[in-house]
Amino acid sequence: MNQLIEKMTDYMQLRGFSPKTIYAYTSYVKRFEEHFEKHPARMGEKQVHQYLLHVISQGISGSYANGCYSTLRFLYETTMSKDWNMKNIPRSKKQSKLPIVRSLQEVLSLFNAVSKYYQLTLHNPSLKRNRSK
């Protein structure tokens, strides 16, 4: 396994991956191997599919699952030069977050606070002296 991680790290460094990304990718690979207790070379599409389902079922974020996906794709296609179709394993869909909608009362309260602050600073004589200097 260490040789595979070293080879993968070399490829990532050649491609200009950041040290944090390299660390994350190697961690994903180690967790993948620990989950099945097999070397990644002895696993394939079926195990990747099962592992990603396992990750998602644990309630882990979609971005984490996509990080696993990208790592395993890089591992198999780039590092191990396996000609293997990852398109059969879809990426986790990003969860869209709705914006926070403020009530009319909250917006008016914010405008009131800004207005009071503006009036205090505009009519403060000590600030006027500092502006002229």
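Of the 133 residues in the protein chain, 30% count as buried. Keep in mind that this model is predicted.

**Stop 1: the whole chain.** Show the protein chain as a cartoon. Trace the elements from the N terminus and they read α-α-α-α-α-α. The protein chain exposes about 10100 Å². Carbon and sulfur atoms supply 53% of that area. Next, think about contacts along the chain. Among those with a separation of 6 or more, 54% are between residues 24 or more positions apart.

**Stop 2: helix 1.** Select residues 2-14, which form helix 1. Then pick out Thr9, which lies in this helix. Is Thr9 buried or exposed? Its relative accessible area is 17%, and buried means under 20%, so Thr9 is buried. Which residues does Thr9 touch, leaving aside its neighbours within four places in sequence? Show Ile22 and Thr26: Thr9 is in contact with both.

**Stop 3: the aromatic rings.** Display the side chains of Phe, Tyr and Trp. How many aromatic pairs does a search of the whole structure find? The search finds six. Two of these pairs get a closer look here.

Start with Tyr25 and Phe74. Their ring centres are 6.2 Å apart. Their planes stand at 70°, and over 60 degrees counts as edge-to-face, so this pair is edge-to-face. Now colour helix 2 (residues 19-36) and helix 4 (residues 62-79). Tyr25 lies in helix 2 and Phe74 in helix 4, so the pair ties together parts that are 49 residues apart in sequence. Both Tyr25 and Phe74 are buried.

Stay in helix 2 and move to Phe32. Its partner is Tyr51, with ring centres 5.3 Å apart. The planes of Phe32 and Tyr51 are at 70°, so this pair is edge-to-face. Colour helix 3 (residues 45-57), where Tyr51 lies. Because Phe32 is in helix 2 and Tyr51 in helix 3, the pair ties together parts that are 19 residues apart in sequence. Phe32 is buried, and Tyr51 is buried too.

How values were computed:
Residues are numbered from 1 along each chain as its sequence is written. This is a predicted model: local features need pLDDT of at least 70, side-chain atom pairs count only at pLDDT 80 or more; totals for chains, interfaces and linings use all residues. Side-chain values use heavy atoms; hydrogens and water are left out. Rings of Phe, Tyr and Trp (its six-membered ring) pair if their centres lie within 6.5 Å; planes under 30 degrees apart count as stacked, over 60 as edge-to-face and the rest as tilted. Helices (H or I, at least four residues) and strands (E, at least two) are DSSP runs, numbered from the N terminus. Buried means under 20% relative accessible area, exposed over 50%, partly exposed in between (1.4 Å probe, protein chains only). Contact means heavy atoms within 4.5 Å. Accessible areas come from the Shrake-Rupley method with a 1.4 Å probe; for residues, only the protein chains shown count as cover.
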